[in-house]
Amino acid sequence: MAARNTARKRAFQILFEGDHRGVDVLTVLADWIRHSRTDQRQPPVREYTMQLVEGYAKHADRIDDLLSQYSVGWTLDRMPAVDRNILRLGAYELLWEDETPDAVVLDEAVQLAKEFSTDESPAFVNGLLGRLKDLKPSLLRES
């Protein structure tokens, strides 16, 4: 599972970079792949990283709508960029990647928040993704 953890972390970094630079995540992904092929110091971009980034890109508008709708007291723009992108990745994986158990998705997102964000962020990420997990059957019917 360490490989999945690393792939997830890299996918988060790609989403964060795209958000920070105002560039499409698929463009950032292509840049990362190109750099990994031309610079031996760069690790390769694994299949699961690509799957997560491409999947998020496919459902980005729906994911942002859900995060906006179910985040209490926070607009998407007001959320810290780190949290916003952890939530985007977690929401995608929770709702569209059936091979990963929901509890693992939540735990991994919380771990990313602990590593990259503020002390309050893990609880915020866990709460919002937990709400989406509880609503998952109805949210998928609406998609």
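Mentor: Let me begin with a term: a residue counts as buried when its relative accessible area is under 20%, as exposed when it is over 50%, and as partly exposed in between. Please also keep in mind that this is a predicted model.

Trainee: Fine. So is F12 buried or exposed?

Mentor: F12 has a relative accessible area of 3%, so this residue is buried.

Trainee: And how many aromatic pairs are there?

Mentor: The structure holds four aromatic pairs. One of them joins F12 and F116, whose ring centres are 5.1 Å apart with 45° between the planes, which makes the pair tilted. Because F12 belongs to helix 1 (residues 2-21) and F116 to helix 5 (residues 102-116), this pair ties together parts that lie 104 residues apart in sequence.

Trainee: What about F116, how accessible is that residue?

Mentor: F116 has 31% relative accessibility and therefore counts as partly exposed, whereas F12 is buried.

Trainee: Which residues do ring pairs link into a cluster?

Mentor: The cluster consists of F12, F16 and F116.

Trainee: Let's move to W74. Where does W74 lie, and where is F124?

Mentor: W74 sits in the loop between helix 3 (47-70) and helix 4 (81-96), while F124 is in helix 6 (residues 121-142), so their pairing ties together parts that are 50 residues apart in sequence. The two ring centres are 5.9 Å apart and the planes stand at 55°, so this pair is tilted. W74 is partly exposed, at 31% relative accessibility.

Trainee: Which residue lies over the face of W74?

Mentor: That is R78, at 4.1 Å from the ring centre. There is also a charge over the ring of Y48, where the charged end of R4 sits 3.8 Å from the centre.

Trainee: Now helix packing. At what angle do helix 2 and helix 3 pack?

Mentor: Helix 2 (residues 25-38) packs against helix 3 at an angle of about 160°, and their axes are 9 Å apart. Angles over 145 degrees count as roughly antiparallel, and helix 2 and helix 3 are therefore roughly antiparallel to each other. The crossing of helix 2 and helix 3 is left-handed, and the contact is made by V25, L26, L29 and I33 from helix 2 together with M50, V53, E54, Y56 and A57 from helix 3.

Trainee: And how do helix 1 and helix 4 cross?

Mentor: Their axes come within 9 Å and cross at roughly 125°, and helix 1 and helix 4 are therefore oblique to each other. Helix 1 passes helix 4 in a right-handed crossing. On the helix 1 side the residues that meet helix 4 are R8, A11, F12, L15, F16 and D19, and their partners in helix 4 include N85, R88 and L89.

Trainee: Then D64, buried or exposed?

Mentor: D64, which lies in helix 3, is buried, with a relative accessible area of 17%. Not counting residues up to four places away in sequence, D64 touches Y56, L76 and R88.

Terms used. Residues numbered from 1 in each chain as written. Predicted model: local features only at pLDDT ≥ 70, side-chain atom pairs only at ≥ 80, totals over all residues. Heavy atoms only, no water. Phe/Tyr/Trp six-rings, centres within 6.5 Å; stacked < 30°, edge-to-face > 60°. Helix = DSSP H or I, 4+ residues; strand = E, 2+ residues; numbered from the N terminus. Buried < 20%, exposed > 50% of the residue type's maximum accessible area, 1.4 Å probe, protein only. Lys NZ or Arg CZ within 6 Å of the ring centre and 35° of its normal. Axes fitted to C-alpha atoms, helices over the stretch in contact; angles between N-to-C directions. Parallel < 35°, antiparallel > 145°, perpendicular 65-115°, else oblique. Left-handed = near helix turned anticlockwise from the far one by under 90°. Contact = heavy atoms within 4.5 Å.
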